[in-house]
Amino acid sequence: MSRVSTCLWFADNNGHEAAAFWCDLLPDSRITQTMPGEGDAPLAVAFELMGTPYQALNGGPRNRLGEETSIVVATDDQAETDRLWAALSDGGEVLECGWLIDRFGVRWQIAPEGLWDMTCDPDRAAAGRAFAAMMTMTKIDIGAVRAAFEDR
């Protein structure tokens with residue numbers, strides 16, 4: 001196990017279910033350890049999402065996931081963005097600017113390759129156009145952001 005990882009606390013004893021879903025969805029992801037709990041649900045699981053270590057802990061009803069934490073996935077292309085967006089938003093809530101809440105209550109940002117570069121570009125006018133385009137979207141359409149960045 002890595003010496004540093006993020007632990008997500010689940011109130012509804014579905015931490016293992018969430019980790020298994022995400023590991024099936026994202027390449028190079030796997031559950032690495034399971035800590036037995038009472039009944040059917042493990043108390044905790046350690047897992048990796050695309051090589052990044054996480055833990056899921058079934059912490060009980062007073063330990064709800066909050067808005068202050070999210071998982072960011074940098075996607076290679078629009079097809080990957082569309083695939084992850086559809087799977088993660090199914091049964092969840094769509095938010096603005098590439099953000100969503102999945103059916104387990106975890107917040108995600110699906111950020112296509114190039115989005116950060118365009119919105120942080122030293123050409124502040126181009127970056128501003130890219131940022132303004134992004135602000136009109138839920139799921140990011142990287143082609144539309146690039147068109148705004150390039151002022152086309």
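Helices, of at least four residues, and strands, of at least two, are DSSP runs numbered from the N terminus. In this predicted model, the protein chain follows the pattern β-α-β-β-β-β-α-β-β-β-α-α-α when read along the sequence. That pattern comprises five helices and eight strands.

**The chain as a whole**

- Along the principal axes, the C-alpha atoms of the protein chain fill a box of roughly 60 × 25 × 25 Å.
- The protein chain has 152 residues, and 41% of them are buried.
- Considering contacts between residues at least 6 apart in sequence, 55% join residues that are at least 24 apart.
- The side chains of the protein chain include 12 positive and 24 negative ones. The centres of these two sets lie 3 Å apart.

**A sheet of four strands**

- Strands of a sheet pair through backbone hydrogen bonds, and the pairing is either parallel or antiparallel.
- Four strands form an open sheet in the order E5-E8-E7-E6, and its pairing is mixed.
- Strand E5 (70–75) and strand E6 (93–94) stand at the edges of this sheet. Each has a single partner strand, so one side of each is left without a neighbour in the sheet.
- Strand E7, residues 99–101, pairs with strand E8, residues 107–112, in the antiparallel sense over three bridges.
- Ile101 stands opposite Arg107, which belongs to E8.

**The helix on the sheet**

- Helix H2, made of residues 78–89, packs on the sheet and touches E5, E6, E7 and E8.
- The direction of helix H2 makes about 170° with that of E8.

- Trp9 is located in strand E1, which covers residues 6–10.
- The relative accessibility of Trp9 is 39%. Buried means under 20% and exposed means over 50%, with partly exposed in between, so Trp9 counts as partly exposed.
- Apart from its neighbours within four places in sequence, Trp9 is in contact with Leu57, Gly59, Asn63 and Leu65.
- Trp9 and Ala56 are separated by 47 residues in sequence, yet their C-alpha atoms are 6.0 Å apart in space.

Terms used. Residues numbered from 1 in each chain as written. Predicted model: local features only at pLDDT ≥ 70, side-chain atom pairs only at ≥ 80, totals over all residues. Heavy atoms only, no water. Buried < 20%, exposed > 50% of the residue type's maximum accessible area, 1.4 Å probe, protein only. Contact = heavy atoms within 4.5 Å. Lys, Arg positive; Asp, Glu negative; His and termini not counted. Charge placed at Lys NZ, Arg CZ, Asp CG, Glu CD. Pairing = 2+ DSSP bridges. Axes fitted to C-alpha atoms, helices over the stretch in contact; angles between N-to-C directions.
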